[in-house]
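Visitor: I have a model open and want to go through one side chain, then the whole chain. Shall we start?

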Amino acid sequence: MPQLEELEYYFRGLWLLLRGRLEGFGWLDFSDRGFWRSWWAIAYCLPPLALSWAGARIAYLASMPPGATAGPSFIAKLMVVDASGWFVSYLALAVVMTITGYDFQIRPMMTALNWLTVPIQWLSILVSLAQIFAPLNFDLLRSVLLPLLLLSAAAHFLVIRQMVDRKILPASAFLLTLAVASFWSMLVVSDALGI
């Protein structure tokens, strides 16, 4: 598992890429080993994800009639929904990148996006806290969620654009693929699981 010092290198690289500086690539490990190690990002995302599941559970119970329950199976379903959003969006991205001739960039792209997910997921703690402490205050939730979504979209776009030689059209297509595939898969899986 990558240690915090290693993550600091990756985050520095991402920060440089976000600022349009190509030397950021030098701080990321795009080797085969680096690709497989980037999946440890899931482990670093688990604490904020667990808090998001707790927040979703509290918000769900607050909207249900008294006596409603949401036990461990409810949390398990949320885990499946989040996992589907992550992996289905990557599968769709790989397909689109292959079709458009960017298949050579699939692994580097996923490596960078895996590590980018970590700080974004930790920022989403604000949404979870809003759900926990004010589960029925939808205005508060929207005021926290919308800026986070915009920030996430902008960060993904900037990193993706650097990965495709600063070309706006393919970067936009790949970002749209990620967003649509993630939203669609999470919606379908949520509906199938009854949550």
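Visitor: Which side chain makes a polar contact of 3.3 Å with the side chain of asparagine 114?
Guide: This is a predicted model: local features need pLDDT of at least 70, side-chain atom pairs count only at pLDDT 80 or more, and totals for chains, interfaces and linings use all residues. Residues are numbered from 1 along each chain as its sequence is written, and side-chain values use heavy atoms, without hydrogens and water. A polar contact is a pair of N or O atoms within 3.5 Å; within protein, one must be able to donate a hydrogen and the other to accept it, and residues adjacent in sequence count only if both atoms are side-chain atoms. At 3.3 Å, the partner is tryptophan 86.

Visitor: Which side chain does a polar contact of 2.9 Å join to asparagine 114?
Guide: Contact means heavy atoms within 4.5 Å. Leaving aside neighbours within four places in sequence, asparagine 114 is in contact with Ser38, Trp39, Ala41, Trp86 and Tyr90. The 2.9 Å polar contact is with the side chain of tyrosine 90.

Visitor: Is asparagine 114 buried or exposed?
Guide: Buried means under 20% relative accessible area, exposed over 50%, partly exposed in between (1.4 Å probe, protein chains only). Asparagine 114 has a relative accessible area of 0%, so this residue is buried.

Visitor: What share of the 195 residues is buried?
Guide: The same cut-off of under 20% applies. Across the protein, the buried share is 41%.
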